[in-house]
Amino acid sequence: MNAPLQTLTEMQRLSSPFPESVTVKDWQATGRKVIGWFNPYIPEEIIHAAGMLPFEVTGDNEPVQMQGAEAHMHSNSCSKIRTCWQMQLDGKYNFLDGLVSSHMCDQDMRLFEVWSYYKKLPYMDSLYAPRKRDEVAVKLYLTDLEGFRSRLSQFLICRVPDQHIENSIQVYNRGRELMHQLYELRKRDRPPVTGAEALEVSKASARMPRERFNELMEQLLAEIQRTGREIKKARRLMIIGNDLHNTTQVAALESADAVVVADEMDLGIRRAWGQVDTKLPPLEALARYYVLGRPVDKHTWDSDERLAFIGELAEQYQVDGIVSENVRFCTYLGWDKFDLKKQMQERGIPILELDLEYGHPGGAQMRIRAEAFLEMLESRAG
């Protein structure tokens, strides 16, 4: 059996306890601020350039009882939104100095509104989230980034200069490059990490200073090379859909003779994708990267391009099957289900559809469904 990765253990230590971790406490002990962000159209680079710690607001591996949140939100609201709001009601995010969200969906807006009304932080901000991938969208988003930089500068009483943003872009580009190297290693016949381990790495990237994360990523890649680590499982799976932050859900899929080798989550592959162009003015470079430089996501109107990307990934990583998970009441992913199934059938790739509650542990039901799916894959192979 492969020994635990020592570097990953250190990442988890620095990110614990969640969310107000060792890292957060050490950071704030020196008088520096922590700004929470909520979705992938918030450029961490600008927060980082302002000398503050960008921290992704999420749930984690422990389930959350959401009776308090449901006093402010309908019970049929996205369970990720309700989880994050319940954690704030429970005081888990009291360490934040600010929160930045974007108009990505109605549920995101609702979280930002109730947070602003009931638990207003010293800095609250919301950005535009493009729905199209074209030059008009880039210009709109760039305008909002310029406003974001100005508002953040007013909060600090000190303008965030271009040079600082350029430096932050280089730091984050390096992080993406290192994470991409890990994804490339997962293409091997015997990948060096499980899907659950890769998820823990990705979570850590948004919970500590990026410089420290980059150092640990370099150590992790060196440790993998030194140990010759291999995961010996018969079937290769890919996860698509909403972000999962409860690692037990991925581990449940891998409890049988399978390993998750790829994903299509904002939390996963998009966090390791591409580079911000350092030859352009920094805000324009960020606008182009966040609008055009990453794979199409579920919030963009061009769903055909997203589905094509999923098919291409499945072929590159030689997956035997796709696990399409949908956090309950997320309407965006529900729209694509019919076309997704049709396109993957044409490629000969079976799909397991899962309707999940965000943050709930991967229990017996998920393991049973995963085992049945693997049996079906085995019969096809035979």
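Author: Two strands are taken to pair if DSSP finds at least two bridges between them. The model discussed here is predicted.

Reader: In what order do the 4 strands of the open sheet stand, and is the pairing parallel or antiparallel?

Author: In general, strands of a sheet pair through backbone hydrogen bonds, in either a parallel or an antiparallel manner. Here the open sheet has the order E6-E5-E7-E8, and its pairing is parallel.

Reader: Which strands stand at the edges of the sheet?

Author: Strand E6 (258-263) and strand E8 (351-356) do; each has a single partner strand, so one side of each lacks a neighbour in the sheet. From one strand to the next, the twist averages 30°.

Reader: How many bridges join strand E5 to E6?

Author: Strand E5, residues 235-241, is joined to E6 by 5 bridges, and the two run parallel.

Reader: Which residues make the contact, and what are their classes?

Author: On H7 they include Val171, Tyr172, Leu178 and Leu185, and on H9 they include Phe213, Met217, Leu221 and Ile224. By class, the contact of H7 with H9 comprises 11 nonpolar, 3 polar and 4 charged residues. Arg174 of H7 and Glu218 of H9 are also among the contacting residues.

Terms used:
Residues are numbered from 1 along each chain as its sequence is written. This is a predicted model: local features need pLDDT of at least 70, side-chain atom pairs count only at pLDDT 80 or more; totals for chains, interfaces and linings use all residues. Side-chain values use heavy atoms; hydrogens and water are left out. Axes are lines fitted to C-alpha atoms, for helices over the stretch in contact, and angles run from 0 to 180 degrees between N-to-C directions. Contact means heavy atoms within 4.5 Å. Ala, Val, Leu, Ile, Met, Phe, Trp, Tyr, Cys and Pro count as nonpolar, Asp, Glu, Lys and Arg as charged, and the others, Gly among them, as polar.
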